[in-house]
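Hi,

Here is the structure I said I would pass on to you. Have a look at it first, and my notes on what turned up follow below.

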Amino acid sequence: MGRGDLTDAEWERLRPFLPVSNGCCGRWRDHRQVIDGILHRVLTGVQWRDLPERFGPWKTVYERHRLWAADGTCERLLQQVQAAADIAGEIDWDISVDSTIVRAHQHAAGARTDPLPVPASKGAEAAEHQGEAPWQSLLARLVEVVREARACGRRGLGRSRGGFTSKLHLSADDRCRRLSLVVTGGQRADCAQFQAVLAKIGVPRVGSGRPRAKPDSLAADKGYSNGPCREYLRRRGIRHTIPEKTDSQAVRLRKGSRGGRPPGFDEERYKKHSTVERAINRLKQSRAVATRCDKRGYISLGTATTAALLIWLRG
């Protein structure tokens with residue numbers, strides 16, 4: 001058994017929640033063998049074509065991973081493991097939120113994009129021959145840029161100081177395990193994804209009842225110190241510890257009594273914010289997460305979710 005393979009106890013925790021073949025498309029290859037292959041690729045970052053033969057055909061492993069990332073099977077498996085941990089009282093709902101940059105490999109580029117309507121003119125020469133205005137060539141170029149920007153947004157890729165990058169926005173509990181995750185381009189601001197990260201928290205309850213989506217308290221750094229984030233937390237009744245930015249503090253003091261009271265800040269509670277940073281480090285121990293090679297955004301999210309699932313299974 002390899003270092004990343006599932007143990008018998010881990011397999012028994014996942015087996016009841018795996019999809020069952022309906023028999024219409026032939027027999028499926030053994031789920032356990034395929035999952036071991038997926039975990040091997042996530043941990044080592046090896047190319048799919050270079051998977052060891054003991055995991056079966058590489059394309060079968062890749063297609064199963066792609067399918068489960070697309071239909072939400074990876075996320076459902078993680079939620080079931082989280083639900084069992086919540087029933088056992090192993091989740092501390094004093095959570096932390098942060099983000100991290102992931103460098104995208106050159107192989108992450110080049111995914112096919114959905115075509116947008118493009119003007120017939122392709123350049124200044126075509127415009128002259130067809131009697132069209134030169135600005136139409138500029139419009140064609142602009143549409144090309146917009147198409148590429150939209151495609152990169154869907155794929156969770158962008159440009160930042162680090163170059164061609166993605167950004168992982170996540171929340172984590174006190175045991176450095178991720179509760180929710182959002183993948184965006186590397187240039188996206190942390191505070192712009194704050195509500196999306198909290199909205200994705202949903203730990204199912206065993207039996208009836210809605211999934212638990214509201215933490216007891218939250219800690220975040222100065223990147224989330226703005227009015228919309230604080231207002232969102234107040235509206236949901238979530239206690240929070242977010243340090244105030246220096247410029248915001250100066251503006252409030254200049255206003256005097258009109259500036260209002262300073263936001264509450266619990267220094268001892270804020271010390272637990274390091275848990276999300278350690279959770280990021282644990283995720284990046286999986287090399288397929290630390291360096292993104294997946295072309296599609298949903299596959300990249302499935303890779304990070306699989307790495308988080310292994311962390312939850314092994315505590």
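Cysteine 293 is partly exposed, at 27% relative accessible area (buried means under 20%, exposed over 50%, and partly exposed in between, with a 1.4 Å probe and protein chains only). Cysteine 229, on the other hand, is buried at 3%. Its sulfur has the one in cysteine 191 as the closest cysteine sulfur, but at 5.4 Å that is too far for a bond. A disulfide, in general, is a covalent bond between the sulfur atoms of two cysteines. Taking one to be a pair of cysteine sulfur atoms within 2.5 Å, the count is 0 disulfides.

Before you read on: this is a predicted model, where local features need pLDDT of at least 70 and side-chain atom pairs count only at pLDDT 80 or more, while totals for chains, interfaces and linings use all residues. Residues are numbered from 1 along each chain as its sequence is written, and side-chain values use heavy atoms, leaving out hydrogens and water.

Now the overall picture. The protein has 13 helices and 7 strands (DSSP runs numbered from the N terminus: H or I of at least four residues for helices, E of at least two for strands). Of its 315 residues, 44% are buried. Among contacts (heavy atoms within 4.5 Å) with a separation of 6 or more, 67% are between residues 24 or more positions apart.

Helix 2 brings His31, Val34, Ile35, Gly37 and Ile38 to the contact, and helix 3 brings Thr60, Val61, Arg64, His65 and Trp68.

Then there is threonine 184, in strand 4 (residues 178-185). Threonine 184 is buried, at 8% relative accessible area. Leaving aside residues up to four places away in sequence, threonine 184 touches Gly156, Ser166, Lys167, His169 and Gln193.

Last, arginine 76 sits in helix 4 (residues 73-87) and is partly exposed at 44%.

Cheers
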